[in-house]
Amino acid sequence: MNENRKNWSEFEWERELQRDERRINSYFGELPTYIDLPGEEDVIIKKLMSRPELVPAGKEWPGPFFGGSDEDPDGFFDFGDWRYEKDAGLINSMQTMAFDWNRCFAADVSDRYFATGMSITCLFGKLMSRTVELLSAGEELPQLSRCLCKHLCSDINDLIGLLRKLKRGNPGATYCDNFISGLLEVREKIIDRLHKPIPEDNSSDSDDDFNDDF
């Protein structure tokens with residue numbers, strides 16, 4: 001990761017995350033038009049690369065659309081292996097819910113609610129990706145962690161809204177309640193992380209006592 005980004009403020013990270021959201025939304029907005037064409041990803045990315053507002057900070061075209069490079073194959077956010085990070089159970093919970101949702105979706109959701117079901121699937125994928133970023137950012141990038149916590153809470157609220165919409169239209173979809181309950185638990189854990197004070201750069205005896213609580 002660019003060393004300058006380690007010193008970014010919360011505002012700077014928020015600006016880049018919003019740009020990242022626009023890249024993702026623009027990509028999936030174009031996907032239905034080109035999905036049946038050969039090389040559809042290259043076609044979509046070439047079209048979107050002409051939009052300067054989507055360029056990742058500190059990057060120039062040509063280059064991979066989501067901010068990576070030949071030397072940086074993992075993309076804009078390169079955080080290593082999340083499985084060894086503190087609170088990895090968050091992403092494990094999200095993965096389990098996403099897997100269970102896709103089984104329910106394939107077995108039960110009618111054509112009438114197919115679009116809602118696909119939106120739920122996509123949101124689960126987005127939440128898993130953002131949760132990995134959150135866990136891997138950790139205390140080394142506290143301002144990024146705060147931004148990610150806020151985005152995750154917002155996306156979880158959107159996902160819960162979609163599940164409630166699906167159940168209203170299909171009262172037999174009682175499995176939605178289990179997903180809502182699981183998402184509320186994850187949201188509470190994320191809110192707890194958001195409210196943790198940002199650790200100071202220079203530790204002292206009192207700081208050491210404080211950090212023992214983490």
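A salt bridge here is a side-chain nitrogen of Lys or Arg within 4 Å of a carboxyl oxygen of Asp or Glu. Keep that in mind for the exercises below.

The model is predicted, so local features need pLDDT of at least 70, side-chain atom pairs count only at pLDDT 80 or more, and totals for chains, interfaces and linings use all residues. Residues are numbered from 1 along each chain as its sequence is written, and side-chain values use heavy atoms, with hydrogens and water left out.

**Exercise 1. Get your bearings: work out which elements the chain has and how much of the chain is buried.**

Step 1. Count the elements, where helices (H or I, at least four residues) and strands (E, at least two) are DSSP runs numbered from the N terminus. You get 7 helices and 0 strands.

Step 2. Turn to burial. Buried means under 20% relative accessible area, exposed means over 50%, and partly exposed is in between (1.4 Å probe, protein chains only). Of the 214 residues in the chain, 38% are buried.

Step 3. Check how far apart in sequence the contacts reach, a contact being heavy atoms within 4.5 Å. Take the contacts between residues at least 6 apart in sequence: 66% of them join residues at least 24 apart.

**Exercise 2. Find what Glu21 pairs with, and say which helices the pair ties together.**

Step 1. Look for the partner. Glu21 makes a salt bridge with Arg130, and their closest N and O atoms are 3.5 Å apart.

Step 2. Ask about burial: Glu21 and Arg130 are both buried.

Step 3. Follow the shared partners. Salt bridges link Glu21 and Arg130 into one network with Glu16, Arg19, Asp20, Arg23, Lys126, Glu133 and Asp155.

Step 4. Zoom in on one pair from H1. Arg19 and Glu16 meet in a salt bridge at 2.4 Å, N to O. They are 3 residues apart in helix H1, so about one helical turn separates them. Arg19 and Glu16 are both buried too.

**Exercise 3. Work out which face of helix H2 is buried, and how H2 meets H1.**

Step 1. List the buried residues of H2 (residues 40–48): Ile44, Ile45 and Leu48. Seen down the axis, they fall within an arc of 95° (taken from the directions from the helix axis to the C-beta atoms), so they line one face of the helix.

Step 2. Check the other side. The face turned away from the buried side carries the exposed residues Asp42 and Lys46.

Step 3. Find the packing partner: the buried residues of H2 pack against H1.

Step 4. Describe the geometry. Axes are lines fitted to C-alpha atoms, for helices over the stretch in contact, with angles from 0 to 180 degrees between N-to-C directions. The axes of H1 and H2 come within 10 Å and cross at roughly 130°. Angles under 35 degrees count as roughly parallel, over 145 as roughly antiparallel, 65 to 115 as roughly perpendicular and the rest as oblique, and H1 and H2 are therefore oblique to each other.
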